[in-house]
Amino acid sequence: MGSKTVRHPVSGDELADSVQELFAAGYRLALVAAHDDVGALRIVYLLVAGHPDRRVELTLTIGAGSPSIPSLAHLSIPAGRFEREMMDLYGVEPVGHPQPRRLVRHAHWPQDWHPMRQNAGQPPPFATVGRFPFVTVEGPGVYEIPVGPVHAGLIEPGHFRFSVIGESVLRLKARLWFVHRGIEKLFEGRNAFSATDAVALAERISGDSSAAHCLAYSLAVEDALGFDAPDPVHRLRALLVELERLYNHVTDLGALANDVGFGLANAHAQGVRERVLRINHRVTGHRLLRGAIRPGGVVLQQLPDPDELRALAADVAEISELTLRNSVVYDRFADTAVLGRDDAHALGCLGYVARSSGIPTDARLDHPTTTLPVAAMRAAKGDVLARYTIRRDEFAASVDLACDLIENHRGSLRWVAPPPPPSGAQSGVGIVEGWRGAVVQRVEVDASGMITRCKVVDPSWFNWPALPVAMADTIVPDFPLANKSFNLSYAGNDL
């Protein structure tokens, strides 16, 4: 089986028109990946669409001396952010970009050091710099509230700058990339098939999405080598991703209730979470489902008990009913931090954030690896209540799907069939509907089976810009609740 991806080389003059034609045909921009080929830079634009699964790569090759590309920011907000990322990490100038500011590299990073370039070498000394140039909102009674990047508890670092009048938020700016780890650089030179090398790194991109990221990586490697795993493998992998969805969704259901003072619901939800994590450990030997998925196969220790999962679903339904029956909780959720459909679409939102705003996006339907009884799900209001009820409904649907996968499984729980060795340099794409939304990875593998490039896109990359939009016309005390209703990954975004 060959790759599903259709590839086209384009010139700088053709790029914008080609992308616009694909947008008009219903495609979305899934990733933009730069590659340093020594002497030239290669920019790959991956656009995807569903029903049926369609994938198109447009490749623009430019000189490595003073690299520049025509900006697509006027066509796509996500494109403009990908361009700023390339500018920071590869030194590629997006000509015509309306806001060509740094994105990934904070100001103390050396100005002319681009760490993803082949000749980057070790970083020069970092500089001491002044304040970040936040946009200042002026007017009578306007003041700023800075929050972070260091927060109470175990939350990862992020800086939030509120411009407010009284308690009303006029503008919110989120500043991220405090924990940039160089994940994509760490993939280079790793064995694509080794469970202790590249696979282990994929599982650690974003800890609460270990199964989804590892599966996206494995599918990308298999796609590069033209290998299609047997259907039972795809179904067992799908089961693991659903288990990951279960423990994360119930965690959020409890945490949202806790953020408005309903700690009793949170206590019961955390009890359900612990039961799911214990199921995970029995199924894979790891509470976060690590060590089970790899290119060419999947290894499980046992299957979950469907009756146990159905009991969890009944408990979650009761917890959710009691939560929303509380008038104080309901009033805090309803009409809070509204993200409209048009804004969600313009920002390229994914997962439950998009579905809560009326956009029916789901990679299990748009980019299936096997036939699954998945129902399209969405809400319309785009508020905290919608993001809560979508999680509630998805928990029930995920239990039904997991039980179907368990009860219809036949044969072994251990499938290991390493893909054939590559005949030369090859590339592939993996797309998985993780619990936050579509995880996309694109890998390039050389003839020896080593990774030369791995581009990772977590759904949080697309969803983070939506949080400040949803906070407009919201009060400061509702920020923790709004933030939790999005529950975006810092690690998945910062890489």
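A charge is said to sit over a ring if NZ of Lys or CZ of Arg is within 6 Å of the ring centre and within 35 degrees of the ring normal. In this predicted model, arginine 81 lies over the face of tryptophan 461, at 4.3 Å from the ring centre. Arginine 54 is placed likewise over the face of tyrosine 27, and here the distance to the ring centre is 5.2 Å.

**Aromatic contacts**

The structure holds 13 aromatic pairs. A pair of aromatic rings is described by the distance of the centres and the angle of the planes. For phenylalanine 187 and tyrosine 217, the ring centres are 5.8 Å apart and the planes stand at 25°, so this pair is stacked, planes under 30 degrees apart being counted as such.

Elsewhere, one aromatic cluster is formed by Phe160, Phe162, Trp464, Phe479 and Tyr490.

Helix 5 also contains serine 210. This residue counts as buried because its relative accessibility is 1%. Serine 210 and leucine 288 are 78 residues apart along the chain, yet their C-alpha atoms are separated by 6.7 Å.

**Packing of helix 6**

Two packed helices are described by the angle between their axes and the distance between the axes. Helix 6 (residues 231-259) packs with helix 13 (residues 384-407) and with helix 7 (residues 263-284), as tabulated here.

| Helix pair | Angle between axes | Distance between axes |
|---|---|---|
| Helix 6 and helix 13 | about 150° | 9 Å |
| Helix 6 and helix 7 | about 165° | 7 Å |

Angles over 145 degrees count as roughly antiparallel. Helix 6 and helix 13 are therefore roughly antiparallel to each other. Helix 6 passes helix 13 in a left-handed crossing, and the residues of this contact comprise 14 nonpolar, two polar and eight charged ones.

With an angle of about 165°, helix 6 is likewise roughly antiparallel to helix 7. The crossing of helix 6 past helix 7 is left-handed. By class, this contact has 14 nonpolar, eight polar and one charged residues.

**Backbone features in loops**

Most residues other than glycine have a negative phi, and most peptide bonds are trans. Several sites in the model depart from these two patterns.

A cis peptide bond joins histidine 51 and proline 52, with omega at about 5°. Proline 52 lies in the loop between strand 3 (40-49) and strand 4 (54-63). The bond from glycine 148 to proline 149 is cis too, and its omega is near 15°. Proline 149 is located in the loop between strand 7 (142-147) and strand 8 (159-165).

Leucine 289 is not a glycine, but its phi is positive, at about 70°. This leucine is in the loop between helix 7 and strand 10 (293-294). With a relative accessible area of 2%, leucine 289 is buried, since the class covers values under 20%. Aspartate 335, again not a glycine, has a positive phi of about 65°. Its place is in the loop between helix 9 (327-333) and helix 10 (341-347).

Methods:
Residues are numbered from 1 along each chain as its sequence is written. This is a predicted model: local features need pLDDT of at least 70, side-chain atom pairs count only at pLDDT 80 or more; totals for chains, interfaces and linings use all residues. Side-chain values use heavy atoms; hydrogens and water are left out. Axes are lines fitted to C-alpha atoms, for helices over the stretch in contact, and angles run from 0 to 180 degrees between N-to-C directions. Helices (H or I, at least four residues) and strands (E, at least two) are DSSP runs, numbered from the N terminus. Angles under 35 degrees count as roughly parallel, over 145 as roughly antiparallel, 65 to 115 as roughly perpendicular and the rest as oblique. A crossing is left-handed if the near helix is turned anticlockwise from the far one by less than a right angle, and right-handed if clockwise. Ala, Val, Leu, Ile, Met, Phe, Trp, Tyr, Cys and Pro count as nonpolar, Asp, Glu, Lys and Arg as charged, and the others, Gly among them, as polar. Rings of Phe, Tyr and Trp (its six-membered ring) pair if their centres lie within 6.5 Å; planes under 30 degrees apart count as stacked, over 60 as edge-to-face and the rest as tilted. Buried means under 20% relative accessible area, exposed over 50%, partly exposed in between (1.4 Å probe, protein chains only).
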